[in-house]
Amino acid sequence: MPRKTTASRSAAARARAGREPTLIGSVQRALRLLEAVGGFRQGATAKQLARAAGLPLGTAYHLLRTLTHEGYLRRADGRFFYGESAAGFGRSDDRRCERQGLRERMGCLRDELGAAVYFARYRDGEVQLVDVAEDPSRPAVEPWADFRATAHAHAIGQCLLGQLPEEERRDHLARHPPVGLTPSTLTEEAVVLRRLASLRPTMPVLERQEYALGTVCAAVPITIGPLVATMALSLPVAEADRLDAVARQLRCSVGAMGPSFVF
């Protein structure tokens with residue numbers, strides 16, 4: 001029997017490759033970790049999950065960090081649990097309806113208040129802007145500086161950080177040190193912490209040109225169970241005399257909505 005040449009072996013390999021699916025190893029490993037989480041009713045440590053999934057601990061750490069960042073897992077007291085994104089696999093239609101309902105309510109608020117309206121939450125140690133309701137006559141603030149890293153400067157971030165325990169506030173500011181964005185921005189960590197500690201749990205947070213020149217903002221805290229969220233608004237500085245009144249109106253409107261508008 002004639003021996004196969006290198007060229008013929010290469011051709012055969014290419015033919016097999018054309019018939020076989022291309023598998024992404026990192027995706028397979030991430031899925032194994034997600035499956036492993038389901039085997040621990042009380043959550044599991046990184047070491048337990050690495051062992052259950054048959055992965056090196058270093059690889060598991062990197063994948064767990066990514067899955068947590070994307071919301072498929074959440075971490076509490078050093079243990080990993082399924083996150084909101086994983087829970088949404090089986091109810092994507094419900095989530096779309098909830099998101100649409102939130103967007104419609106925000107549109108109504110925009111029209112009632114005559115201001116751009118924002119919904120944001122604090123998750124996995126970061127500020128997350130979920131949705132914005134604006135129109136040409138009520139444009140949203142241009143996010144000219146990283147929104148997540150400048151929570152000390154804008155009403156949304158201040159409102160969210162104000163709902164956290166002091167240890168978590170300090171942790172956030174250690175990761176995102178206060179920087180000056182406008183002449184009105186507070187940049188000393190101790191001063192920022194004192195301001196956050198002085199915020200009242202149910203009262204609007206007002207911010208005047210601390211994040212962006214030409215804009216004033218207000219944010220109302222939303223605390224439902226473990227959720228840390230806020231509904232906020234912005235106005236051009238020419239309408240700054242309206243800020244107190246529309247902030248009070250926002251507070252009343254959000255309170256009347258009840259918890260169903262938060263998904």
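The model is predicted, so local features rest on residues with pLDDT of at least 70 and side-chain atom pairs on pLDDT 80 or more, while totals for chains, interfaces and linings use all residues. Residues are numbered from 1 along each chain as its sequence is written, and side-chain values use heavy atoms, with hydrogens and water left out.

**The largest pocket**

- The largest pocket holds about 910 Å³ of space; a pocket is an open set of points on a 1 Å grid over the protein atoms alone where a 1.4 Å probe fits, with protein on both sides within 12 Å along at least five of seven lines, and a volume is the space filled by probe spheres set on the points, which are joined across faces, edges and corners.
- Its lining is made of 24 residues, and R75, Y122, R123, D124 and G125 are the closest to the centre of the largest pocket, where a lining residue has an atom within 4 Å of a point.
- Strand 1 (73–76), strand 3 (116–123), helix 8 (166–175) and strand 7 (227–236) each contribute at least two residues to this lining, and strand 1 gives the most, with four residues; helices (H or I, at least four residues) and strands (E, at least two) are DSSP runs numbered from the N terminus.
- By residue class, the lining of the largest pocket has nine nonpolar, four polar and 11 charged residues, with Ala, Val, Leu, Ile, Met, Phe, Trp, Tyr, Cys and Pro counted as nonpolar, Asp, Glu, Lys and Arg as charged, and the others, Gly among them, as polar.

**The second largest pocket**

- The second largest pocket has a volume of about 350 Å³, and of its 13 lining residues the closest to its centre are R65, T68, H69, D124 and E126.
- Helix 4 (57–69) and strand 4 (126–133) each supply at least two residues of that lining, and helix 4 provides the largest share, five residues.
- The lining of the second largest pocket divides into four nonpolar, three polar and six charged residues.

**Helix 9**

- In helix 9 (residues 189–198), the buried residues (under 20% relative accessible area, with a 1.4 Å probe and protein chains only) are V192, L193 and L196.
- Seen down the axis of helix 9, these buried residues fall within an arc of 100°, so they line one face of the helix; the arc is that of the directions from the helix axis to the C-beta atoms.
- The buried residues of helix 9 pack against helix 7 (155–162) and helix 8, whereas R194, A197 and S198 on the other side are exposed, a term for over 50% relative accessible area.

**Two serines**

- S234 is found in strand 7 and is buried, with a relative accessible area of 5%.
- The side chains of S234 and Y118 are joined by a polar contact of 2.7 Å, that is, a pair of N or O atoms within 3.5 Å, of which, within protein, one must be able to donate a hydrogen and the other to accept it, while residues adjacent in sequence count only if both atoms are side-chain atoms.
- S234 and V141 lie 93 residues apart in sequence and 7.1 Å apart in space, C-alpha to C-alpha.
- S85, in helix 5 (residues 84–87), counts as partly exposed at 22% relative accessibility, a class between the buried and exposed limits.
- Leaving out residues up to four places away in sequence, S85 touches E70, G71 and Y72, where contact means heavy atoms within 4.5 Å.
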